[in-house]
Amino acid sequence: MTIFQKAMTSAAALAISATAAFAEAELTVYTAIEAEDLARYAETFNASHPDIKINWVRDSTGVITAKLLAERDNPQADVVWGLAATSLLLLKSEGMLEAYAPAGVEKLDPKFVDKDETPAWVGMDAWVASVCYNTVEAEKLGLTPPTSWKDLTNAQYKGHVIMPNPASSGTGFLDVSSWLQIFGEDDGWAFMDGLHENIARYTHSGSAPCKLAASGEIPIGVSFAFRGAKSKAAGAPLEIIVPSEGVGWDMEATAIVAGTDDLEAAQKLVDFTITKEANEMYNVGYAVVAYPGIAKPVEHFPANLLDAMIDNDFEFAANNRAAILKEWAGRYDGKSDPK
Amino acid sequence: MTDATQHTLPAGPSIKGKLSRDDIIMRGSMVVIGLYLLITMVFPLYAMLSKSFSTFQFDLSAYEVQVSDEAGATFSNPIRLNDLNEQLKVLEDSDMIAGSDGRLGVTQFFPDFSFRSPVKYRIRNTTDEGRFLVGSTLTDSTEWVELDSNTFRRVQLRPVKSTGFGNFRSYFATPALSNSIKNSVLIATISTIVTVTLAFWFAFALSRSCMRFKGLFRLIAMAPILVPSLLPGIALVYLFGNQGMLKELLFGASIYGPIGIVIGSVFFTFPHAFLIISTALAISDGRLYEAATSLRATPWRTFWTVTIPGARYGLVSAAFVVFNLVITDFGLPKVIGGQFNVLAVDIYKQVIGQQNFEMGAVVSVVLVLPAILAFAIDRFVQSKQVALLSARSVPYQPKPNKKADWILFSYASLIGIFIIGMLAVCQFAALVKFWPYDLSFSLNNYQFDRMDGGGWGAYYNSIKLGLLTAIVGTAIIFFGAYLVEKSNGFKTGRAIFQMFAMLPMAIPGMVLGLAYIFFFNNPANPLHAIYGTMAILVVCTVTHFYTVSHLTATTALQQMDREFESVSASLKQPTLKLFGRVTVPVCLPSILDISIYLFVNAMTTVSAVVFLYSPTTSLASIAVLNMDDAGDIAPAAAMGMMIFYTNAGARIFHLIASRGILSRTQAWRNR
């Protein structure tokens, strides 16, 4: 180690301890962001706000939602940063979110902002439904590629389609709720009746259908686009199809928990989460972000995807979730035996 | 003696054995370990039971509405929604049951509602408990809220919390859920019949023939115990899945469903059935066979009148153990069950998929019943099995019979190929680059850090959990067993302790894990801090596998004469010194057995810990589950085989270590 390097390291160490010393505020932030991204997000935030220290509590979407709901009467979190909007709507309907319009919210794509006058939550990035189509297996079976959701009910695909179970997968639920919005209630269920005839099985996770399509276990997997792009980049013979009727989507979003001890620091954090800089940071993992015009194209990502995203009614999805899942389970989960 | 002297004698104190310091220490320790079991098992189970009765219901009487005329100016008199419902008969009582996430639209109470009409509506809560949403904004005050028709249709009522049988009622009214009972019992029954039959003939071949390689076969038969129950599921995907190597053998049937669950269950329960049955066959009396031969009974008749009756308790016990293992198993049906719903997976779906903890608790209660029943019958049968082997018994010695030996050898080989084949397929799949498109070998699938599930860290966590469970668990369990076996008096306390120690066996892992969430993830619980740490995983695993270890320990301790305690007492030596200087060294073989049992199970268990791991304490077995869940099947197979090799290594280490230690501590056994 040269003297210069030594000096640099001790300077860095000093800087770190200085940051810690300056940390006047501490925020408990609940999140479902991938663990590997957390450090990067906190670092970027602390570069501009060294005085606020983030204490992460991370778990999967389902678990962190359940945790927040369980702590309803005694909230432990100050901010929720990076949780599905449908989950945040649940929290909002429990009166757990502090409405706040972060500085610069008008610059975001309005699709990504809560419709209330003072938004209760703001979006970060989106994951979008798509169909993964294994060209090699499909050719072996003599299938023609589908171009729309309706095509998937065609008899030629019988037993060749896999989709996530909406009762256990957020991706599965956004598919079902988007079909009900696209086709309307009656036609939506009729469509799913037809689709059910072709479904080989329902998986528990949302990324599995695409990975199963990538490995040729099934020719067609209903999943999300980013997963398909990743598998394709890994060398799988996949085509990512964006059905012509439009595709459902959900987003990761941010909100302040009502009753936080340090509202000022929480607002500063939320202000940061919608900046251009933050959105560029999200773009590393997500192809669609809330800040228009900055997303760099991700390899193998379908080009027309942004236009195909439906005008998702999150309120409809959240308020009817229990009823939709009950109806879905009654129709398709009960007759379980695929002999 | 005269009356007078009798009167003068004072009434003496009632005579009571004096408690020595040792007795106090031992009782104190027993109370401590009893409290441990109370906190780690009984309280969580109670929390779960009460959760299953916590319901959510819509209370229509908590809301009042007013409707305006066409002009939107004058409003009708306030009317409660329950009165409105009584007039119109829109909803039945059964419609009032909801989940925690339930919502009820209000427009259905107004038959002539149109969202385009200029009619205005007012709604308010009549009590503080009432809650409703306008869109997704919560209103819980008792103020009137005035809305136009278009907004009024976005009003949703929220349920309030109460207690009752509502969850159970809606469970049995939902076929998608209650069908699972039938499914679970069905596959458990079929698997039990198949496994016990196969294991019986395998054990028969090993104990009643003169075939070769018995030791090798015994070793192979025990291999499935070293892997998580998920692994046979993954092997079956590679064998019979849509890209499977042998998929033609199924003639178009799908492996995803009951067929897959049964084949996989046979694989992972085989060693358990084999162990019990071969123990039962080993204690047969050779004289009965000699009698049968001298009475000129045919081998067939001998089989039915001597062999089977001798092994009947073993067979029944094996059947209930297998039944219990299959019905409570979660990993296998999760991987290969397809659309075939079973109870254990339902719990997972309700809790992780829908955050419906109340319904998860209901399914748990439903699952506990058959598990406890099977367990109780097994204990009852085992208590019957005594004294088959008397002092005059002659051990049975099989005689060579070329034809029978060959048939049994071929049969045992088939079973051996089945077991080794399943493991080999997983290892092969783990090493192939991209099945089925690129069959060249690579180590890509071992780059766990690039997959979901926790990476190599999860593997090291598992080893840590295994070691901690083995050390902490063995210490607690053996000491607990010692206190129960060797302390004096205190009968009630010992009986209660014994009951607590037997209970974990009857509680399925999924149920235990869920109960831990309810109990430990409660901010009011002072032990809340251990939630999400390695400590809760260790505690849960020790408790989950308490019973078998406890039984092993008590069996070993019962072989030691109680005179040791009397001698040490007369020499005025503290009992704990005796425990450390005599009891532990003498029982060392059993102590080592307990620790390897705990280690292996901590490495393979999925069901109990699946609800309790946190991102920093992910485990190898959970990683297998999550990687398979995400569709990364080959890495899942690779991680599963890592568990296998680790456990096999631990077994070998255990063997060598116990040889070394035993030769030093057990020399007194051979004079």
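**View 1. The two domains of chain A have centres 30 Å apart, taken over C-alpha atoms.** Domain 1 covers 3-126 + 249-298 and domain 2 covers 127-248 + 307-333, with bounds from an automatic or database domain assignment. Welcome to a predicted model, in which local features need pLDDT of at least 70 and side-chain atom pairs count only at pLDDT 80 or more, while totals for chains, interfaces and linings use all residues. Residues are numbered from 1 along each chain as its sequence is written, and chains are lettered from A and ligands numbered from 1 in the order in which they are written.

View 2. Helices (H or I, at least four residues) and strands (E, at least two) are DSSP runs, numbered from the N terminus.

**View 3. Helix α9 (residues 225-233) of chain A has buried residues, among them Phe226(A) and Arg227(A).** Buried means that 20 or more other C-beta atoms lie within 10 Å of a residue's own, all placed from the backbone. The buried residues of α9(A) pack against β5 (122-134), α8 (208-214), β8 (220-224), β9 (238-241) and α12 (305-308) of chain A. Just after α9(A) comes Gly235(A), with a positive phi of about 105°.

**View 4. Chain A touches chain B.** Here 46 residues of chain A and 43 residues of chain B take part in the contact. On the chain A side, α14(A) gives the largest share, 6 residues.

Conventions:
A residue is buried if 20 or more other C-beta atoms lie within 10 Å of its own, exposed if 12 or fewer, and partly exposed in between; C-beta atoms are placed from the backbone. Two residues are in contact if their C-beta atoms, placed from the backbone, lie within 7 Å.
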